[in-house]
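Try each task before you read its solution.

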Amino acid sequence: MASSSALITLLVALGCAAAASAATFTVGDGQGWTTGADYATWASGKTFSVGDKLVFNYASQAHTVTEVTKSEYDACSSNANGENSGATTKTLKAGANYYICTIGTHCAAGMKLAVTAGDSSPGTPAAGTPPTTPSGSGGYRREAGPVLAATAGILLKLALF
């Protein structure tokens with residue numbers, strides 16, 4: 001019985017650690033998601049991982065946050081309907097992640113963001129922009145999310161048997 005309690009406690013601790021491993025970035029920091037910002041500079045030097053969250057703060061209905069492909073990003077064009085609530089949170093997927101504002105010429109004026117998220121494996125590099133190049137500034141982050149999840153699964157099986 002004591003070993004089951006210890007395993008449950010360990011599982012709870014591992015779950016909390018895994019949840020805490022994702023970072024949250026406010027796009028543009030205090031300036032937010034708006035025209036006139038340099039999002040390539042904002043992203044440079046930052047390390048992004050799978051599961052990290054990007055928070056876009058902007059004037060509701062004045063801008064959009066539209067997740068796009070590389071070709072749409074390069075062309076500043078998309079047929080997709082972006083979010084325009086004023087507060088949008090996006091969770092990063094592995095690899096390149098592209099976002100633009102589809103209002104008027106906002107994207108062409110620089111309202112676009114490209115970041116690359118590493119796969120969260122220990123030692124996996126991830127970078128801001130450009131999406132295909134890891135950060136040269138030593139931007140490495142070690143995260144134990146996948147390891148913790150696997151360990152928790154094994155411990156859960158052991159606790160049940």
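The exercises below cover ring pairs, a nonpolar core and salt bridges.

The model is predicted, so local features need pLDDT of at least 70, side-chain atom pairs count only at pLDDT 80 or more, and totals for chains, interfaces and linings use all residues. Residues are numbered from 1 along each chain as its sequence is written, and side-chain values use heavy atoms, with hydrogens and water left out.

**Exercise 1.** Classify the ring pair of Phe 25 and Phe 48.

*Solution.* 
- Start with the rule. Rings of Phe, Tyr and Trp (its six-membered ring) pair if their centres lie within 6.5 Å; planes under 30 degrees apart are stacked, over 60 edge-to-face, and the rest tilted.
- Apply it. The centres of Phe 25 and Phe 48 are 4.6 Å apart and the planes meet at 55 degrees, so this pair is tilted.
- Locate the partners. Phe 25 is in strand β1 (residues 24-26) and Phe 48 in strand β2 (residues 48-49), 23 residues apart. Strands (E, at least two residues) and helices (H or I, at least four) are DSSP runs, numbered from the N terminus.
- Check burial. Buried means under 20% relative accessible area, exposed over 50%, partly exposed in between (1.4 Å probe, protein chains only). Phe 25 has 14%, so Phe 25 is buried. Phe 48 has 0% and is buried too.

**Exercise 2.** Which residues touch the most other members of the largest nonpolar core?

*Solution.* 
- Define the core. It is a set of buried Ala, Val, Leu, Ile, Met, Phe, Trp, Tyr and Cys residues joined through side-chain atoms within 4.5 Å.
- Name the residues. The core has 20 residues, and Val 27, Trp 33, Trp 42, Phe 48, Leu 54, Phe 56 and Leu 113 touch the most other members.
- Find the elements. α2 (39-43), β3 (53-57) and β7 (112-118) each supply at least two core residues.

**Exercise 3.** Compare the salt bridges Lys 93 with Glu 67 and Glu 83 with Lys 90.

*Solution.* 
- Recall the rule. A side-chain nitrogen of Lys or Arg must be within 4 Å of a carboxyl oxygen of Asp or Glu.
- Take the pair of Lys 93 and Glu 67. The closest N and O atoms are 2.3 Å apart. Lys 93, at 44%, is partly exposed, and so is Glu 67, at 30%.
- Now the pair of Glu 83 and Lys 90. The N to O distance is 2.9 Å. Glu 83 is partly exposed at 36%, whereas Lys 90 is buried at 13%.
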